[in-house]
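Hello,

I am handing over a structure that I would like you to look through. Below it you will find my notes on what turned up.

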Amino acid sequence: MIFVNDLHKKFGPNHVLKGVNCHIREQEVVCVIGPSGSGKSTFLRCMNGLESITSGSIVINKHTLNDSKTNINLVRQEVGMVFQHFNLFPHLRVIDNVMLAPLRVSRISKEEAHAKAETLLAKVGLAQKMDAYPGNLSGGQMQRVAIARALAMDPKIMLFDEPTSALDPEIVGEVLTVMKDLASEGMTMVVVTHEMGFAREVADRVIFMDQGLIVEEGSPEQIFASPQHERTQGFLSKVL
Amino acid sequence: MALYFGDLLPFSSLFLEGLWTAVYITLIAMLAGSAIGVLLYLGKAGARRALRLLCTGYIEVIRNTPLLVQLYLIYFALPAVGINLGPVWAAAIGLTLNNAAYTAEIYRAGFESVPYGLREAGKALGMKPAQIVRYIVILPATRNVFPALTNQLILLFLASSIGSIISLPELTNATMTVSNTTYRTIEALTVGGLLYLAVSAVLALASKRAETTLFRWAVSGHV
């Protein structure tokens with residue numbers, strides 16, 4: 001589903017990704033963990049073209065991202081993204097946030113978009129907040145709307161960039177629950193996270209990144225119970 | 001010294017005509033200037049280097065020279081190259097050109113104030129750049145600079161008084177005429193000043209009102 005081959009990313013002289021290789025299969029839930037500055041968010045952002053690739057390649061569902069013939073907007077329709085800071089559109093009601101892309105990108109009818117948005121908001125437990133503006137929601141509610149908004153394009157893959165890092169501890173759970181449901185429905189998910197509990201429970205595979213490279217990867221049991229690499233051990237001893 | 005406003009009464013229509021001239025010159029300059037300001041901003045933010053330099057240069061020249069000098073040039077220097085503009089046209093054009101530079105900078109501030117994350121969210125949903133601007137960026141940008149824009153309108157209205165030096169028959173000009181005719185200088189200036197104040201206050205209140213109705217979604221501070 002996603003093939004990443006020798007991915008390099010430089011920001012000026014700053015070499016952030018130094019040759020990342022990985023393959024993400026359909027319906028797989030992959031959690032990417034690692035210290036800040038390890039390049040995990042950049043890696044995720046490369047997967048829908050929010051960051052350009054310096055060298056190497058990413059192929060998603062047969063679309064090669066760094067090929068000038070690829071229409072990046074078509075790829076993005078298949079890859080949903082949820083951001084750390086939600087990035088909801090403040091001037092649009094919750095329902096309109098969810099409807100915007102189906103209306104303007106997929107060009108489905110207003111009735112259809114509305115029905116779809118209603119279903120998705122019900123799914124994330126926010127049917128009663130349809131007419132509210134994002135500014136009147138809590139962080140957890142905003143992030144659930146953001147998930148519904150991404151799902152409205154019927155993506156085949158969902159990318160999560162530290163989706164709970166900006167939330168108060170007591171409301172992290174409501175977002176993780178929605179993500180768990182999504183995983184159990186068979187969504188392909190790549191999640192950059194600091195929630196080790198979530199990674200342990202939900203991930204099919206955990207990737208540990210440090211200094212721009214994948215240092216170690218494996219099942220959650222492997223990574224959390226018996227990490228092989230010294231840096232993985234060091235990181236986990238600090239966060240667990 | 002006794003103040004006596006009675007002497008001004010025969011000139012009330014002159015005051016009101018002056019006020020009306022000030023108002024309509026301001027409206028013309030605001031509407032036309034805001035429109036030209038959009039073009040200037042687009043040129044300045046655009047990809048073409050020559051256009052970018054041209055627009056930036058224009059904005060900086062206008063913002064770093066006195067409006068008074070700009071009006072003098074239009075009214076007194078243009079005739080030397082065969083362009084004779086009456087006071088109304090000279091003032092309208094001068095204020096428009098001046099206002100365009102300021103509004104262009106306000107638009108820039110507005111667009112830059114919208115968090116980049118909103119654009120990224122639009123991109124991630126597969127929206128095209130023009131759609132992102134139209135559906136995602138414009139409203140929050142407008143909201144963030146709405147007070148600056150209405151403030152610019154008030155400043156422009158007050159700046160229209162400079163038109164008096166090129167004999168535009170606006171409020172300050174009328175005030176001076178009344179003062180010179182009646183020798184009631186303090187009274188005339190008081191009335192003229194209060195008329196400016198009244199219109200500015202109405203504009204300020206109306207903008208505050210418009211802000212709360214237009215941007216009901218903005219519950220707190222910046223977005």
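To start you off: does A:M81 count as buried or exposed? With a relative accessibility of 5%, A:M81 counts as buried (buried is under 20% relative accessible area, exposed is over 50% and partly exposed lies in between, for a 1.4 Å probe and protein chains only).

Before going further, please keep in mind that this is a predicted model, where local features need pLDDT of at least 70 and side-chain atom pairs count only at pLDDT 80 or more, while totals for chains, interfaces and linings use all residues. Residues are numbered from 1 along each chain as its sequence is written, chains are lettered from A and ligands numbered from 1 in the order in which they are written, and side-chain values use heavy atoms, with hydrogens and water left out.

A:M81 sits in strand 6 of chain A (helices, H or I with at least four residues, and strands, E with at least two, are DSSP runs numbered from the N terminus). Leaving out residues up to four places away in sequence, A:M81 touches A:L44, A:R45, A:N48, A:L50, A:A150, A:L159, A:D161 and B:A124 (contact means heavy atoms within 4.5 Å). A:R45 is 36 residues from A:M81 in sequence, and their C-alpha atoms are 8.9 Å apart in space.

A:M81 also turns up beside a cavity. Searching the whole structure gives one cavity of 30 Å³ or more, and the largest cavity holds about 60 Å³ of space. Its lining has 13 residues, and the closest to the centre are A:G80, A:M81, A:A150, B:A124 and B:L125. Here is how these terms are set: on a 1 Å grid over the protein atoms alone, a cavity is a set of points where a 1.4 Å probe fits but cannot get out, a pocket is an open set with protein on both sides within 12 Å along at least five of seven lines, and lining residues have an atom within 4 Å of a point. Grid points are joined across faces, edges and corners, and a volume is the space filled by probe spheres set on the points.

Which elements line this cavity with at least two residues each? They are helix 2 (72–78), strand 6 (79–82) and helix 5 (139–151) of chain A, along with helix 5 (116–124) of chain B. Strand 6 of chain A gives the largest share, three residues. By type, the lining of the largest cavity has nine nonpolar, two polar and two charged residues (Ala, Val, Leu, Ile, Met, Phe, Trp, Tyr, Cys and Pro count as nonpolar, Asp, Glu, Lys and Arg as charged, and the others, Gly among them, as polar).

**The pocket and B:Y107**

The largest pocket has about 310 Å³ of space. It is lined by 15 residues, of which B:Y41, B:L42, B:Y107, B:F111 and B:I138 are the closest to its centre. Helix 1, helix 4 and helix 6 (129–159) of chain B each bring at least two residues to this lining, and helix 6 of chain B gives the most, with six. The pocket lining is made up of eleven nonpolar, three polar and one charged.

B:Y107 belongs to helix 4 (residues 87–113) of chain B and, at 15% relative accessibility, counts as buried. Apart from neighbours within four places in sequence, B:Y107 is in contact with B:S34, B:G37, B:V38, B:Y41 and B:L149.

Helix 1 (residues 12–45) and helix 7 (residues 171–182) of chain B pack at an angle of about 160°, their axes 7 Å apart (axes are lines fitted to C-alpha atoms, for helices over the stretch in contact, and angles run from 0 to 180 degrees between N-to-C directions). The two helices are therefore roughly antiparallel (angles over 145 degrees count as roughly antiparallel, under 35 as roughly parallel, 65 to 115 as roughly perpendicular and the rest as oblique). B:L14, B:F15, B:G18, B:L19 and B:A22 of helix 1 meet B:L171, B:A174, B:T175, B:T177 and B:V178 of helix 7. The residues of this contact comprise seven nonpolar, three polar and no charged.

**Two loop residues**

B:Y183 has a positive phi of about 60° although it is not a glycine. B:Y183 lies in the loop between helix 7 and helix 8 of chain B and counts as exposed at 71% relative accessibility. A:Q27, also not a glycine, has a positive phi of about 70°. A:Q27 is in the loop between strand 2 (14–24) and strand 3 (29–33) of chain A, and is partly exposed, with a relative accessible area of 49%.

Best wishes
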